[in-house]
Amino acid sequence: MVAIIHLSFEEMWERIIACDRNYDGLFFTAVKTTKIYCRPSCRSRKPKKINVEFYHDIMEVEKAGYRACKRCQPEVEYSPHSELVRTVIVCLVSQYKQPLTLQDIANQVGVSPYHLERTFKQETSETPRTYLERIRIDKAAHLLKSTALTNLEICYEVGFRSPSNFYKVFRSIKACSPNEYRKLNR
Ligand SMILES: [Zn+2]
């Protein structure tokens, strides 16, 4: 499945610094100096930013001459997650700007909303909705740090439809307001 993942270099860099497992399988970190590639969640010492390039496709990274890291084993068909759940995660990461409902996602992957939510929850301990909210808040956090967009602009940019919901979800995930977050991370 080919999906457009709207992540900039800086965002992918932030995800690997955070060793974020939620993005495993969506992109790979290749280190030019060692010719090794990793998952975002790899716990090995972080490379210098200047030596890193990102790939979305494992075939591409292998073709470019990189070898899989022995520690995080990015080439192993990774799945704590089934194909269905991986497909759903790709949908969420690539379409977070849109007003996605459970029904929309279910239609895209061809199962019932009930089955989708149950399977997703079994495998990730989250609902598709909370997973999507986290992707949106990651994006919002990145924009707060790296742009001068207002909170309201960011709210809509990352796919929230209501500012009050944006503030509520932001606080529940980051334990501070968007303004506080911006101040702390400038
Ligand atoms: Zn690794």
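**Burial, fold and salt bridges in a predicted model**

Ala 68 is partly exposed, with a relative accessible area of 22% (buried means under 20%, exposed over 50%, and partly exposed in between, with a 1.4 Å probe and protein chains only). The structure is a predicted model, in which local features need pLDDT of at least 70 and side-chain atom pairs count only at pLDDT 80 or more, while totals for chains, interfaces and linings use all residues. Residues are numbered from 1 along each chain as its sequence is written, and side-chain values use heavy atoms, with hydrogens and water left out.

Ala 68 belongs to strand E4 (residues 67-68); helices (H or I, at least four residues) and strands (E, at least two) are DSSP runs numbered from the N terminus. When residues up to four places away in sequence are not counted, Ala 68 touches Ile 36, Tyr 37, Pro 74 and Glu 75, a contact being heavy atoms within 4.5 Å. Between Ala 68 and Tyr 156 the C-alpha to C-alpha distance is 38 Å, at a sequence separation of 88 residues.

The protein chain contains nine helices and four strands. Read from the N terminus, the order of elements is α-β-β-β-α-β-α-α-α-α-α-α-α. Along the principal axes, the C-alpha atoms fill a box of roughly 45 × 45 × 25 Å. Of the contacts in the protein chain with a separation of 6 or more, 61% are accounted for by residues 24 or more positions apart.

The protein chain exposes about 10100 Å², of which carbon and sulfur atoms supply 53%; accessible areas come from the Shrake-Rupley method with a 1.4 Å probe, and for residues only the protein chains shown count as cover.

The protein chain carries 30 positive and 21 negative side chains, and the centres of the two sets are 6 Å apart. Lys and Arg count as positive and Asp and Glu as negative, without His and the chain ends; the place of a charge is NZ of Lys, CZ of Arg, CG of Asp or CD of Glu. Across the whole structure, nine salt bridges are found (a side-chain nitrogen of Lys or Arg within 4 Å of a carboxyl oxygen of Asp or Glu).

One of these salt bridges pairs Glu 11 with Lys 139, with the closest N and O atoms 3.0 Å apart. This pair links distant parts of the chain, as Glu 11 lies in helix H1 (residues 9-17) and Lys 139 in helix H6 (residues 128-146), 128 residues apart. Both Glu 11 and Lys 139 are buried. Asp 138 forms a salt bridge with Arg 15, the closest N and O atoms being 4.0 Å apart. Asp 138 is in helix H6 and Arg 15 in helix H1, so this pair ties together parts 123 residues apart in sequence. Asp 138 is buried at a relative accessible area of 11%, and Arg 15 counts as buried at 12%.

A further salt bridge joins the side chains of Glu 60 and Lys 63 (3.5 Å, N to O). Both residues lie in helix H2 (residues 58-63), three residues apart, about one turn of the helix. Glu 60 counts as partly exposed at 37% relative accessibility, whereas Lys 63 counts as exposed at 66%. Salt bridges with shared partners join Arg 15, Asp 20 and Asp 138 into one network.
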